[in-house]
Amino acid sequence: MEGQTVTGGGGETMEKRTVSNGSSHGSQEETTVIQEMIDLIEAVGLFGDYRRSQKKDSFNLVRRMKLLVPLLEEIKEIEKPIPDEALKCLCNLKKALNCAKKLLKTCNEGSKIFLAFENEAIMVRFHGAYDKINQALDGMPFEELEISDEVKEQVELMRTQLKRAKRRTDTQDIELAMDMMVVFSKTDERNADSAILERLANKLELHTIPDLRTETAAVRKLIKERNGQNAESTQQIINILGKFKQIAGLEEPNVLDDVPPKTLEKCPSLAIPHEFLCPITLEIMTDPVIIASGQTYERESIQKWFESNHRTCPATRQNLAHLSVAPNFALRNLILQWCEKNNFELPKKESGADADGSSTEQKEEISSLVQNLSSTQLDVQRKSVIKIRMLSKENPENRVMIASSGGIPPLVQLLSYPDSRIQEHTVTALLNLSIDEANKKLIAREGAIPAIIEILQNGKTEARENSAACLFSLSILDENKVAIGSLNGIPPLVDLLQNGTIRGKKDAATALFNLSLNQVNKARAIKAGIVKPLLQLLVDKNLGMVDEALSILLLLVSHPEGRSAIGQLSFIETLVEFIREGTPKNKECAVSVLLELGLNNSSFILAALQYGVYEHLVEVSKSGTSRAQRKANSLLQHMSKCEHIP
């Protein structure tokens, strides 16, 4: 029998299968493909630990990949030629597993700062890997291959898990997300706060000299891979690494010293004249234009700014008389002359893209979808909102495009539609859109917050969870924190924290943490009964939300009503337990909460002493995290002023 070539999606030629007459097993090529996949899965199982930001998702992905091994082993032992349909699935599966391996390697070896900073984008890649694996298994002829029921059920269980995977960032570590947000902010005055930097260094496990040297090597590798692209964020990563080194007392050459000059010549901050850089992106301009304020920007950047409903100059913040732009030919000629003289190649625009960097076809599709949101036909509306939900999760450009096409007002109107599925898809689409900073303001301005709170109170399970996540995203802006609190959004979040699923509890905790950064909202949360479910989270360690509960309690104890509510519940013994045997993070938070309580009321100190806290504080002061040591020493000093010290 002659060799047979099977062609799969994208026109790629798959591995040839050659089955000779009289062969009792699949061909050598087939066996090789299957064995390569088994070896690949075994290899990723040996990667070991992963960066903190992606640890949970990495281990979950590896676990799900391992569930495929019994299937591959059974196919490998089939005593007849493998059907073409199955071979096509296997070759697609191999590609999907290779993508997953590449992602896992990044999460295993990559820069810890980069992975924490780009957590959202990395999560998109995880779910892309889930989709690829799932799609590869579509159409697998289990019956024809005579796969055992046990293995088939195992594969179907894995596929169900992949389909249920949430398409958004896991909010397990609230403080990490908040600290990253602060440190990378250009405007937040706390971005150089040594306590925050030290806490972040500990969270990212970048507080020892060996860790910092390993991170330096990873950042150097990242710079080479980026080859001058994303220069601004690269510089931020370098700056934060430098601050971590200062905290650790490590004096080493600049992280860039060993990077070849060719890699750096495209980096704006190092070589390109400042006046050639767009003030928004800090990248060299290829199509500079002048706006009404007289400032010059890259055309693509300023158009995105305008399409996000800004009517001001980004540099001067003055209101603009009009939004017209004029080409700055003089500056463009200077840029071209400089590039020719320095042998510098301007970045090329992607083919098939228009002035704002997005394809005309994509714009037309989004425009049509936005129009269909207002259709009188329920099915048309439902399909449109589902598609917008999908597009809005894919990339930042789509979020800007959907908003600039007028998509937010009709989405906000659909929040009140009596169809529960439409509500769920709509609130999730708005959650995705709210990732964009400008969209946060637009969504709130259109009156979405009361409708989101209504869904949070009365919607189906997933809609409630996504409503909580959406309120968290919107509450990043201080004015939205105030609005959500004043519109009575805190009580239903507390209810979700107490009665929701684990996912719901996590979403509620994230939102409540952020909202409680506002002093007035602290009182609202306490009045809504937040302390009781927080204490339950401390008691039920199986939920894995001790850090979240302690982080919120640490905010609440700064409020007099918070201290009163916590004291009435007599949870000092629980705090002492965490100080004695909790994780390093548990101990740090528990000591911080007890210190805040004790500084305001000595009876809390006396209660803690009765539970034997003193010796545990001494231990934390010697071996805890840097922040925990400081807090423990402060608490011990405060205790030394009391006459009841043992």
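In which sense, left-handed or right-handed, does α28 pass α29 in their crossing? The legends below begin with an overview and then take up this pair of helices.

**Figure 1. Overview of the predicted chain.** This is a predicted model, in which local features need pLDDT of at least 70 and side-chain atom pairs count only at pLDDT 80 or more, while totals for chains, interfaces and linings use all residues. Residues are numbered from 1 along each chain as its sequence is written, and side-chain values use heavy atoms, with hydrogens and water left out. The chain has 35 helices and three strands, where helices (H or I, at least four residues) and strands (E, at least two) are DSSP runs numbered from the N terminus. Of its 646 residues, 50% count as buried, a word that stands for under 20% relative accessible area, with exposed meaning over 50% and partly exposed in between (1.4 Å probe, protein chains only). Contact means heavy atoms within 4.5 Å, and among contacts in the chain between residues at least 6 apart in sequence, 69% join residues at least 24 apart.

**Figure 2. The crossing of helices α28 and α29.** Helix α28 (residues 531-539) passes α29 in a left-handed crossing, a term used if the near helix is turned anticlockwise from the far one by less than a right angle, right-handed being the clockwise case. From α28, the residues V531, L534, L537 and L538 meet V546, A549, L550, I552, L553 and L556 of α29.

Figure 3. The strands form an open sheet in the order β2-β1-β3, with antiparallel pairing, two strands being counted as paired if DSSP finds at least two bridges between them. At the edges are β2 (296-298) and β3 (326-327), each of which pairs on one side only. Strand β1 (residues 288-290) pairs with β3 in the antiparallel sense over two bridges, and A326 in β3 is the bridge partner of I290. Helix α14 (residues 299-307) lies across β1, β2 and β3 and runs at about 95° to β2.

**Figure 4. The buried face of helix α34.** In α34 (residues 613-623), the buried residues are V613, H616, L617, V620 and S621. Seen down the helix axis, these buried residues fall within an arc of 145°, so they line one face of α34; the arc is that of the directions from the helix axis to the C-beta atoms. An α-helix has 3.6 residues a turn, so residues three or four places apart point the same way. The buried residues of α34 pack against α31 (572-581), α32 (584-600), α33 (602-610) and α35 (626-640), whereas the face turned away from the buried side carries the exposed residues E615 and K622.

Figure 5. Helix α26 (residues 502-515) has 14 residues and reaches 20 Å from its first C-alpha to its last, close to the 20 Å expected at 1.5 Å a residue, the expected span being 1.5 Å times one less than the number of residues. Of the 14 residues of α26, 13 are buried. In helix α20 (residues 420-433), the end C-alpha atoms are 20 Å apart, which agrees with the 20 Å that its 14 residues should span. Twelve of the 14 residues of α20 are buried, among them Q423, E424, H425 and N432.

Figure 6. G45, in the loop between α1 (28-44) and α2 (55-66), is partly exposed at 33% relative accessibility. Although G45 and V62 are 17 residues apart in sequence, their C-alpha atoms are 6.4 Å apart in space. M65, in helix α2, is buried at 0% relative accessibility and, leaving aside residues up to four places away in sequence, touches L40, I41, V44, L97, A100, L104 and I133. K440, placed in helix α21 (residues 437-445), is buried with a relative accessible area of 4%, and its contacts beyond four places in sequence include S434, S473 and N480.

Terms used
Axes fitted to C-alpha atoms, helices over the stretch in contact; angles between N-to-C directions.
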